[in-house]
Amino acid sequence: RGRVDVFPAPPGPVSFCDNLGQPDVHTCTFQFPPDTAVTLSNGAYPDSKFTTWAGACGGFQPSCPVFLSGPGPGPLVEAVFLGPRTLTVQLTSVEGGRGRVDVSPAPLGPVSFCDNLGQPDVHTCTFQYPPDTAVTLSNQAYPHSKFTIWAGACSGSGPGCPVFLSGPGPGRLAEAVFLGPRTLTLSIASSRGGRGSLAVDP
């Protein structure tokens, strides 16, 4: 989401066009006296990014000059804004492994971590960020479990992983795998009535 301001102010009451609460393609019309030089300035809202001008403007600059001569149809200027990027964190439990992944900086939503307590073996959480945000993921195994490996947008077995959320296109998916408690089975065999015990430490 974003807006485009026009200067000088047109004769009407509004001197900007924004798309808050509007469809993906939204147009505004302004009228000026003939031979007016108009400057258009773009401004992305906090969760978005301006990407390009099109039509009578071009490039990626913050502003664009348009000269309104005539006769004939007036120029059409398009400003393209990219919306929030999606980061999906998948927690995979192997044999009961439990843990969490924290994301930093805080996302646009209220929750900044994903954990799989009480969840199925494959559990996902989705976070949204403004475009071009560098996010750090940090893993933490719960007691009796162990973090084993990153997969997807992350790799290796370190405690953290950097992910850069650019776009457009689908978001990134990072997987964290946790291994659950290990099972030790002891067998005591009695020969001719032998009795005894085994101690386990720790």
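The questions and answers below go through a predicted model.

Q: Which element gives the most residues to the lining of the largest pocket?
A: The largest pocket has a volume of about 1,100 Å³. Strands β1, β2, β3, β5 and β6 each give two or more residues to its lining. With six residues, the element that gives the most is β6.

Q: How do the residues of the lining of the largest pocket divide into nonpolar, polar and charged?
A: The largest pocket is lined by 37 residues, and the closest to its centre are Thr27, Cys28, Leu76, Val77 and Glu78. By class, the lining divides into 22 nonpolar, 10 polar and five charged residues.

Q: How many residues apart are Asp132 and Lys49, which form a salt bridge?
A: The structure holds four salt bridges, and one of them joins Asp132 to Lys49, with the closest N and O atoms 2.5 Å apart. Asp132 sits in the loop between β10 and β11, whereas Lys49 is in strand β4. The pair therefore links distant parts of the chain, and the separation is 83 residues.

Q: Is Asp132 buried, partly exposed or exposed?
A: Buried means under 20% relative accessible area and exposed means over 50%, with partly exposed in between. Asp132 has a relative accessible area of 35%, so Asp132 counts as partly exposed.

Q: Which parts of the chain does the salt bridge of Arg182 with Glu95 tie together?
A: In this salt bridge the closest N and O atoms are 2.4 Å apart. Both Arg182 and Glu95 are exposed. They are 87 residues apart in sequence, so the pair ties together the segment after β14, where Arg182 lies, and the loop between β7 and β8, where Glu95 lies.

Q: What is the phi of Glu95?
A: Most residues other than glycine have a negative phi. Glu95, in the loop between β7 and β8, is exposed at 55% relative accessibility. Glu95 is not a glycine, yet its phi is positive, at about 55°.

Q: Where is Arg192, which has a positive phi although it is not a glycine?
A: The phi of Arg192 is about 55°. Arg192 is exposed, with a relative accessible area of 89%. Its place in the chain is the segment after β14.

Q: What is the omega of the peptide bond that joins Phe7 and Pro8?
A: Most peptide bonds are trans. Pro8 lies in the loop between β1 and β2. The bond between Phe7 and Pro8 is cis, with an omega of about 5°.

Q: Where is Pro168, to which a cis peptide bond runs from Gly167?
A: The bond from Gly167 to Pro168 has an omega near 0°. Pro168 is in the loop between β13 and β14.

Q: Which residues make the nonpolar surface patch of about 520 Å²?
A: Leu198, one of the residues of this patch, is in the segment after β14. Leu198 is exposed, with a relative accessible area of 52%. The patch is made by Leu184, Leu186, Ile188, Leu198 and Val200.

Q: How far apart in space are Gly21 and Val6?
A: Gly21 is in the loop between β2 and β3 and is exposed, at 81% relative accessibility. In sequence, Gly21 and Val6 are 15 residues apart. In space, from C-alpha to C-alpha, the distance is 20 Å.

How values were computed:
Residues are numbered from 1 along each chain as its sequence is written. This is a predicted model: local features need pLDDT of at least 70, side-chain atom pairs count only at pLDDT 80 or more; totals for chains, interfaces and linings use all residues. Side-chain values use heavy atoms; hydrogens and water are left out. Patches are made of residues with over 30% relative accessible area and no salt bridge: like charges are joined within 9 Å, nonpolar side chains (Val, Leu, Ile, Met, Phe, Trp, Tyr) within 5 Å. Accessible areas come from the Shrake-Rupley method with a 1.4 Å probe; for residues, only the protein chains shown count as cover. A salt bridge is a side-chain nitrogen of Lys or Arg within 4 Å of a carboxyl oxygen of Asp or Glu. Helices (H or I, at least four residues) and strands (E, at least two) are DSSP runs, numbered from the N terminus. Buried means under 20% relative accessible area, exposed over 50%, partly exposed in between (1.4 Å probe, protein chains only). On a 1 Å grid over the protein atoms alone, a cavity is a set of points where a 1.4 Å probe fits but cannot get out, and a pocket is an open set with protein on both sides within 12 Å along at least five of seven lines; lining residues have an atom within 4 Å of a point. Grid points are joined across faces, edges and corners, and a volume is the space filled by probe spheres set on the points. Ala, Val, Leu, Ile, Met, Phe, Trp, Tyr, Cys and Pro count as nonpolar, Asp, Glu, Lys and Arg as charged, and the others, Gly among them, as polar.
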